[in-house]
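Work through the following exercises with the sequence and the model at hand. Each task is followed by a solution in steps.

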Amino acid sequence: MALQTPVRAGTATPAFYRACTQQTAQRGGPNVTDDYERWYTDATPSNRMVLSLRCGIHTEIGWALDRLHRLCTNDQFALKAIPGLTEALFEWPEWYVTEGHLESEICSFFTPSTVAEKKRRHAVESLFILRNSVVNEPNIHELANYPRTQPLLFRALTNLDLDAETNSEFLLNTIELLQAISQGVVLPPPNADGKDPLAGLLHIVEHSSNRSLIIATLTLLGQLFSNSSNLPRLQAESPALSASIRYLPLFVDKPLVEASLNYLYAHLSHPPMVKAFFHHCLMPGALRVLVSLLLSEQVEETVSQDISIPARTISAVTTVMPDHDLTQEELDRLLPMPEPQRCYEWMRTMFVAKPESEMTQVDFWNLYKDAFTPHVERFPVLVASDVIKNVNVVFPQAQAMVLPGPPQRFVVRGVDRRKEAQDSPRFRCHWDKSQCSVPAFGSAGELYDHLLQHIDALEATESTCLWSTCSVSLSKARLRSHVLTHMPSAQLPAKHASQDETVTLSLTDDETYPIVNPTRREPPPLRNAAITFRQPVADPPSTSLTALLIIRILFRTSFVATDLAPRADGERFGFPGVVEEDEGDNVTNEVYAYEAEGERRGRRAFVGVRRMMEDVKIKDETLMGWILEMVHAAYDGLPQS
């Protein structure tokens with residue numbers, strides 16, 4: 001199917017309308033007002049628009065072209081539906097490419113004659129209507145098979161001044177119309193006068209500064225050389241190749257980049273052209289730009305995946321609080337009480353309610369027995385079963401139970417030992433070589449007051465500091481200041497922002513923290529073991545796919561094995577052959593050497609971009625496999641020669 005060219009707006013004829021009279025209600029006949037479409041689209045040889053195009057009156061021609069400009073944007077508009085319309089639309093463009101352009105080129109673009117400008121506008125608008133009509137597929141077949149189409153377009157490319165500003169719009173319509181019918185277009189060879197439409201197209205892409213003309217021409221050349229019949233006209237040093245490489249880095253201009261890529265793909269799809277391209281001075285830079293295009297258009301997201309194994313954490317600061325034991329005062333108070341009142345009070349003194357805790361019934365009974373059995377002669381004690389039963393009386397939420405085994409466990413759940421309140425060991429007195437028996441204090445001020453009492457108790461006016469291992473000798477007055485150097489800070493040292501409040505331990509490590517022998521502790525798992533990477537979230541756009549195909553063509557050509565075939569003057573499969581003189585041997589060897597040098601150049605270029613290609617990420621697994629294959633081949637380095 002031929003390419004359907006989209007409708008391009010922007011060229012419009014000034015409205016020339018006939019004054020129409022009001023139709024009275026009594027008047028009969030057809031409706032011929034300007035806004036009635038059927039009157040202009042009647043499929044008769046006397047169609048009003050066709051007659052107006054051929055009448056030679058400029059106002060009538062302008063009116064007809066303006067009307068056709070509105071109709072041709074409709075996808076139901078068909079040229080062959082109106083007899084004679086196609087022939088009438090070709091008259092003005094043919095006049096312009098034959099002789100009319102000479103009049104326009106003589107006059108300045110800003111000071112043209114009135115008549116010449118009107119004729120030029122008729123030619124431009126007629127060609128513009130033909131160009132817009134190809135949005136309807138039947139019109140593509142109509143114009144492709146029309147015998148005057150290709151001669152008109154080829155004469156426009158050979159006769160017109162391609163650098164004149166007055167011809168730019170006409171040339172743009174010509175090239176875009178040629179795109180629509182390019183499937184069946186075969187480029188003619190240069191004629192005797194040296195006029196060649198291909199030379200005109202190459203001149204535009206090489207010298208023109210008109211962006212629209214460059215895009216349209218590169219697109220047309222890519223379509224023409226996709227036809228195998230036009231491959232003999234393809235040149236290794238084509239100006240279109242240099243132009244497409246020159247415009248390729250303009251990533252912000254998507255249409256221009258896409259046109260350049262399409263031509264590059266059509267050019268390099270021909271094996272002799274890709275082999276010659278390896279000797280082009282811009283080949284390494286073009287490959288680097290193609291990879292940069294892939295990187296610039298890939299859309300990625302950052303993904304974090306946790307790979308840590310299960311672990312348990314405990315508080316880094318562990319405060320060991322000893323269990324409460326009966327004091328002598330408490331024992332003296334409990335012994336005279338009768339049972340079971342004494343048992344109740346003993347439980348309230350020794351235990352607290354704690355739903356998640358449990359202890360064995362044997363340990364519970366042993367605590368009771370060890371406290372009161374030494375006084376059993378004066379104060380009788382309860383049996384073990386009665387003591388266990390009394391737990392529910394004091395702690396209703398507690399329960400004595402048997403946990404299934406093996407082995408079975410007899411426990412009391414819901415109670416725990418009462419803990420002793422203990423001051424921080426940071427404020428313990430280490431006077432008298434750490435032999436001071438006073439309990440730890442609750443603050444640094446209390447500890448300092450206590451140390452002053454030690455200093456005041458010294459008899460000598462000059463004495464040695466008795467704090468732990470200190471041996472400084474000072475007077476009592478200076479000793480009061482000196483002991484401040486041994487005082488612990490009232491505030492705990494500040495932690496680093498990255499330091500956590502917990503310690504990570506392995507699940508298989510049953511020890512508690514602090515560990516008794518830290519040197520034999522199993523290495524704990526990483527607390528936060530996560531890997532962060534970027535992955536593509538969408539398939540690459542069409543420009544990236546075309547760029548990847550071009551890179552793939554270059555890779556397959558440069559990394560293919562090119563072992564020479566057996567020669568007639570050498571050994572053939574181990575058997576000596578007859579030496580024959582062949583005048584073509586030198587030519588063949590030169591061809592092989594030329595291709596081998598091109599492949600080496602291609603491999604060097606891929607080695608140069610291998611690190612860039614490592615950053616290319618494509619969602620499709622097959623296309624990503626291409627990238628990995630090229631990266632691995634590039635890392636193998638250049639072959640030994």
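A cavity is a set of grid points where a 1.4 Å probe fits but cannot get out, and its volume is the space filled by probe spheres set on the points. The model used here is predicted.

**Exercise 1. The cavity**

Task: Find how many cavities of 30 Å³ or more there are, and state what lines the largest cavity.

Solution. 
Step 1. The count comes to one cavity of 30 Å³ or more.
Step 2. The largest cavity has a volume of about 40 Å³.
Step 3. Its lining consists of Leu-198, Leu-202, Phe-225, Arg-233, Leu-234, Gln-235, Ser-238 and Tyr-263.
Step 4. Sorted by type, the lining residues are five nonpolar, two polar and one charged.

**Exercise 2. Helix H9**

Task: List the buried residues of helix H9 and say which helices they pack against.

Solution. 
Step 1. Helix H9 covers residues 197–207.
Step 2. Its buried residues are Pro-197, Leu-198, Gly-200, Leu-201, Leu-202, Ile-204 and Val-205.
Step 3. These buried residues pack against helix H7 (149–159), helix H8 (168–180), helix H10 (211–224) and helix H11 (239–247).
Step 4. At the start of H9, the backbone nitrogen of Leu-198 has a side-chain oxygen of Asp-196 within 3.2 Å.

**Exercise 3. A loop residue**

Task: Is Asn-227 buried or exposed, and what does Asn-227 touch?

Solution. 
Step 1. Asn-227 is found in the loop between H10 and H11.
Step 2. The relative accessible area of Asn-227 is 17%. Buried means under 20%, so Asn-227 is buried.
Step 3. Leaving out residues up to four places away in sequence, Asn-227 touches Gln-183, Val-185 and Val-186.

**Exercise 4. Cysteines**

Task: How many disulfides does a search of the whole structure find?

Solution. 
Step 1. The search finds zero disulfides.
Step 2. For Cys-436, the nearest cysteine sulfur belongs to Cys-429 and is 3.7 Å away; Cys-436 is in no disulfide. The cut-off for a disulfide is 2.5 Å between the sulfur atoms.
Step 3. Cys-470 is also in no disulfide, and its nearest cysteine sulfur, that of Cys-465, is 3.8 Å away.
Step 4. Cys-436 counts as buried because its relative accessibility is 16%. Cys-470 counts as buried because its relative accessibility is 12%.

**Exercise 5. The whole chain**

Task: How many helices and strands does the chain have, and what share of its residues is buried?

Solution. 
Step 1. The chain has 26 helices and 11 strands.
Step 2. Of its 641 residues, 40% are buried.
Step 3. Among contacts between residues at least 6 apart in sequence, 71% join residues at least 24 apart.

Technical notes
Residues numbered from 1 in each chain as written. Predicted model: local features only at pLDDT ≥ 70, side-chain atom pairs only at ≥ 80, totals over all residues. Heavy atoms only, no water. 1 Å grid on protein atoms, 1.4 Å probe; cavity = no way out; pocket = protein on both sides within 12 Å on 5 of 7 lines; lining within 4 Å. Nonpolar A, V, L, I, M, F, W, Y, C, P; charged D, E, K, R; others polar. Buried < 20%, exposed > 50% of the residue type's maximum accessible area, 1.4 Å probe, protein only. Helix = DSSP H or I, 4+ residues; strand = E, 2+ residues; numbered from the N terminus. Contact = heavy atoms within 4.5 Å. Polar contact = N/O pair within 3.5 Å; in protein donor to acceptor, adjacent residues only side chain to side chain.
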